[in-house]
Each structure stands twice: as C-alpha cells, then as structure tokens.
Amino acid sequence: MLEQEGLAVTYPRRGAQVAKMTEKDLQDVLEIRDALDELAAKSAIKNITPEAISELKETMTAFKEAAYRGDVREVAAADEKFHNIIYQASDNPKLLVIIHNLREQMYRYRYEYVKDNANYERILKEHEEIILGLEKKDAGYVRERMHAHLENQIEAVRDRIRRQ
C-alpha cells in the first residue's frame with residue numbers, strides 16, 4: 001500500500017525503503033491539496049459553526065504549546081487538526097474521503113515543513129488569517145489565505161528537498 005502511494009520503494013532481495021521526496025511529488029500532491037482546500041473553504045464558509053471556530057482557536061493554542069516544547073509530532077498533529085476542522089465544516093463526505101486517501105502523502109510534506117521551527121510564526125499568522133476570513137464569511141479571502149499558506153509550505157519543503 002505504501003508503495004502504491006509512492007511512500008515506499010521495494011528493491012528485490014534488499015527489502016523496502018522510504019521513497020525519497022522529489023520536487024515533482026511535492027508539487028503534485030500539494031497541487032491536489034490546493035484544489036481540495038479551495039473546495040473545502042468554499043463549503044466551510046457556509047457551514048462553519050461558532051463551536052468549530054472555537055476549536056480552530058484551541059488548536060492554534062495546542063500548536064503554540066507544542067512548538068514551545070519543541071514537540072514536532074504534536075505541532076504536525078495540531079496543524080493537521082486545524083485543517084481537518086475546516087474539511088469537516090465543508091459537510092462534504094466525498095471530499096473527506098478523498099482527503100483521507102491523500103492524508104499520508106500530505107502528512108509527509110506537512111511534517112517536513114513543521115520540522116523547521118523558523119516556520120512556526122508564519123504558520124500561526126496564516127492560521128489566524130484563515131480564522132478571521134471564516135468568521136467574516138469571506139470565501140475569497142479564505143481561499144486566498146489558504147492558497148498562500150500552501151504556497152509557503154511548498155517553497156519551504158522544496159528548499160529542504162534541494163538541500164538533501
């Protein structure tokens with residue numbers, strides 16, 4: 001299954017290894033995520049509840065606390081939860097299935113992004129902007145901010161790939 005998802009490579013008589021990240025894979029996976037984020041944002045604007053907004057803010061607090069402790073796994077989990085709240089607010093079960101199917105591939109790049117704590121301040125600012133747009137029910141603004149958020153991730157991870 002990992003091989004089918006492009007996350008592992010099997011070598012005859014040598015076993016399996018984690019597949020190397022490539023700029024092409026990064027671009028392909030996150031390009032799909034960008035389209036899914038746009039759809040999710042459009043639908044979430046209509047459906048998001050005050051409780052979901054509060055949960056987004058709580059998730060940002062969890063992100064900050066994990067960042068302060070230097071717990072990269074928890075930072076990645078908080079970032080993933082933030083986006084999952086928006087996906088859930090889309091109230092589109094088919095979208096959730098597609099996102100679930102891409103979760104491992106997206107997580108790989110998310111984790112690589114949050115490994116560098118220099119990105120934390122920018123991630124938090126972008127999350128705040130996304131919440132602001134959701135609160136104001138401004139679909140265009142949310143789409144724009146989510147797109148910029150993803151573009152920053154692509155650039156940061158692309159730089160890491162090039163340095164490896």
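# Cavity and helix packing

Q: What volume does the largest cavity have?
A: The largest cavity has a volume of about 50 Å³, a cavity being a set of points on a 1 Å grid over the protein atoms alone where a 1.4 Å probe fits but cannot get out, and the volume being the space filled by probe spheres set on points joined across faces, edges and corners. This is a predicted model, in which local features need pLDDT of at least 70 and side-chain atom pairs count only at pLDDT 80 or more, while totals for chains, interfaces and linings use all residues. Residues are numbered from 1 along each chain as its sequence is written, and side-chain values use heavy atoms, with hydrogens and water left out.

Q: How many cavities of 30 Å³ or more are there?
A: The count comes to 1 cavity of 30 Å³ or more.

Q: And which residues line the largest cavity?
A: Its lining, meaning residues with an atom within 4 Å of a point, consists of Glu-80, His-83, Asn-84, Tyr-87, Ile-99, Arg-103, Met-106, Tyr-107 and Arg-110. Two or more of these residues come from each of α3 (72-89) and α4 (93-114), helices here being DSSP runs of H or I with at least four residues, numbered from the N terminus.

Q: Which helix gives the most to that lining?
A: That is α4, with 5 residues.

Q: OK, helices now: how do α1 and α3 cross?
A: The axes of α1 (residues 23-47) and α3, lines fitted to C-alpha atoms over the stretch in contact, come within 7 Å and cross at roughly 60 degrees, on a scale from 0 to 180 degrees between N-to-C directions. The two helices are therefore oblique to each other, the class left after under 35 degrees (roughly parallel), over 145 (roughly antiparallel) and 65 to 115 (roughly perpendicular).

Q: Which residues make that contact?
A: Arg-33, Asp-37, Ala-40, Ser-43, Ala-44 and Asn-47 of α1 contact His-83, Ile-86, Tyr-87 and Ala-89 of α3, contact meaning heavy atoms within 4.5 Å.

Q: What about α2 and α5?
A: Helix α2 (residues 50-69) packs with α5 (residues 120-136) at an angle of about 175 degrees, their axes lying 10 Å apart, which makes the pair roughly antiparallel. Among the residues that meet are Ile-53, Leu-56 and Phe-63 in α2 and Ile-123, Leu-124 and Ile-131 in α5.

Q: Last one, at what angle do α4 and α6 pack?
A: The angle between α4 and α6 (residues 139-163) is about 80 degrees, with the axes 9 Å apart, so α4 is roughly perpendicular to α6. Tyr-109, Arg-110, Glu-112 and Tyr-113 of α4 make the contact with Asn-152, Gln-153, Ala-156, Val-157 and Arg-160 of α6.

Methods:
1 Å grid on protein atoms, 1.4 Å probe; cavity = no way out; pocket = protein on both sides within 12 Å on 5 of 7 lines; lining within 4 Å.
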